[in-house]
Amino acid sequence: RVYATDPEGYRILVFDQNGSFLIAVGGYGSDNQGFMLPTGIDVDDQGYIWVADPATDRVLKLAPVD
């Protein structure tokens, strides 16, 4: 999987190893699933997605994408 932030779209984009789009996660907001400016991203060994959102001064932990 390849993960990318889309700050203008307030979401995380997920692609397969061939570059095919799989899913978008998130949306505009400051709730537990929304972003105001997602700019940093990492995926841990268990598949959890960690996203830095400096506009809200937080780091969010999202569930793995199947």
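The model is predicted, so to speak of local features takes pLDDT of at least 70 and side-chain atom pairs count only at pLDDT 80 or more, while totals for chains, interfaces and linings use all residues. Residues are numbered from 1 along each chain as its sequence is written, and side-chain values use heavy atoms, leaving out hydrogens and water.

Strands are DSSP runs of E, at least two residues, numbered from the N terminus, and two of them pair if DSSP finds at least two bridges between them. β6 pairs with β5 (residues 49-53) in the antiparallel sense over 5 bridges. Within this pairing, W50 has K61 as its bridge partner, and V51 sits opposite L60. The hairpin leaves 4 residues between the two strands, and D57 takes a positive phi near 55 degrees there.

β6 belongs to an open, antiparallel sheet of 3 strands in the order β4-β5-β6. β4 (40-43) and β6 each have a single partner strand, so one side of each lacks a neighbour in the sheet.

The other open sheet of 3 strands runs β1-β2-β3, again with antiparallel pairing. Its edge strands are β1 (2-6) and β3 (21-26). Strand β2 (residues 11-15) joins β3 through 5 bridges, with L13 partnering A24.
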